[in-house]
Amino acid sequence: MRTGNPVLQEKTFQGLFAEGERMTMNGTIAKSGLLLLLIVVTGSFTWHRFLDAAAGGNLAQAVAAVSPFLWGGLIVGFVLAMVTTFAPRWAGITAPLYAIAEGFALGGLSAMMELRYAGIVLQAVMLTLAVLAVMLTLYRTGIIKVTDKFRTGVVAATGGIALLYLVDIGLRAFTHIQIPFIHESGALGIGFSLLVVGLAALNLTLDFDLIDRGAAQGAPKYMEWYGAFALMVTLVWLYLEILRLLSKARR
């Protein structure tokens, strides 16, 4: 019972027994929809703030207008993610707050991308939701079966991508070197982004499977919030990777 999502692991559900209502897959999906709504609402704030400031032609001023929300959202979101990971009982409070913080960050980033590539954000959002719907359908109908070998392969590949990104961040922070195919818009770069998008999509099936197992073990109702939070981690990653892929295609 492993998943590539670092905040949704088997041990999360160990030792949990519900005395009242129990966790369900449908309840978790419903709460995921609420978290998505919160991301959209707060994201629209920084989105309009950036584009309104950029309408005057001063891009630097527009960036300055959303930078506190962008960086603040990233930092607060990271802190809330850590709190939620180690204190699942608080997920009913921390998960919505995480979605709000993440929305501020994604809204600013998305607006910057939209200014450069008109229409790209709507495409990325629709593709992300489409992938979510498709993967949920494939999982619930049994077309994709999460076996031990499948799970191990996805987890290993996800770890490899994470390590590659960390190396790239380190190189770019301390040198002028960067790993070309992560950022370039050629065939190799687009192929790499397609691979990562596919991997993020497969991680959704692992998350669905682990949530199902948690429900089968009789996890308490508040774990639905935790499961929804974990799905948001994967969905945010998927959206960012789709956004990167579309920007490469535009270039």
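## Basis and overall fold

Helices (H or I, at least four residues) and strands (E, at least two) are taken here as DSSP runs, numbered from the N terminus. On that basis the protein chain has eight helices and zero strands, and its elements run α-α-α-α-α-α-α-α from the N terminus on. The model is predicted, with local features requiring pLDDT of at least 70 and side-chain atom pairs counted only at pLDDT 80 or more, whereas totals for chains, interfaces and linings use all residues. Residues are numbered from 1 along each chain as its sequence is written, and side-chain values use heavy atoms, with hydrogens and water left out.

The C-alpha trace of the protein chain spans about 60 × 35 × 35 Å along its principal axes. Of the 251 residues, 47% count as buried, where buried means under 20% relative accessible area, exposed over 50% and partly exposed in between (1.4 Å probe, protein chains only). Among contacts (heavy atoms within 4.5 Å) with a separation of 6 or more, residues 24 or more positions apart account for 83%.

## Nonpolar cores

A nonpolar core is a set of buried Ala, Val, Leu, Ile, Met, Phe, Trp, Tyr and Cys residues joined through side-chain atoms within 4.5 Å. The largest such core has 55 residues, and those with the most contacts inside it are Leu35, Ile120, Met135, Leu204, Phe208 and Leu238. At least two residues of this core come from each of α1 (25-54), α2 (59-86), α3 (91-116), α4 (120-140), α5 (148-174), α7 (187-216) and α8 (223-250), with α8 giving the most, 15 residues.

Once its neighbours within four places in sequence are left aside, Leu35 is in contact with Ala95, Pro96, Ala99, Trp225, Ala228, Phe229 and Met232. A second, separate core consists of seven residues, including Phe50, Ala54, Val66 and Ala111.

## Thr128 in helix α4

Thr128 has its place in helix α4 and counts as buried because its relative accessibility is 7%. Beyond its neighbours within four places in sequence, Thr128 is in contact with Leu235, Leu238, Tyr239 and Ile242.

## The largest pocket

On a 1 Å grid over the protein atoms alone, a pocket is an open set of points where a 1.4 Å probe fits, with protein on both sides within 12 Å along at least five of seven lines, and lining residues have an atom within 4 Å of a point. The largest pocket has a volume of about 1,900 Å³, a volume being the space filled by probe spheres set on the points, which are joined across faces, edges and corners. Of the 43 residues that line this pocket, Tyr165, Ile169, Trp237, Leu240 and Arg244 are the closest to its centre.

Two or more lining residues come from each of α2, α3, α5, α6 (180-183) and α8, and α8 provides the largest share, ten residues. The lining divides into 27 nonpolar, eight polar and eight charged residues; here Ala, Val, Leu, Ile, Met, Phe, Trp, Tyr, Cys and Pro count as nonpolar, Asp, Glu, Lys and Arg as charged, and the others, Gly among them, as polar.

## The second largest pocket

The second largest pocket holds about 480 Å³ of space and is lined by 17 residues, of which Ile39, Val40, Val121, Val125 and Tyr239 lie nearest its centre. Helices α1, α3, α4 and α8 each supply at least two residues of this lining, to which α1 gives the most, with six residues. The lining of the second largest pocket divides into eleven nonpolar, six polar and no charged residues.
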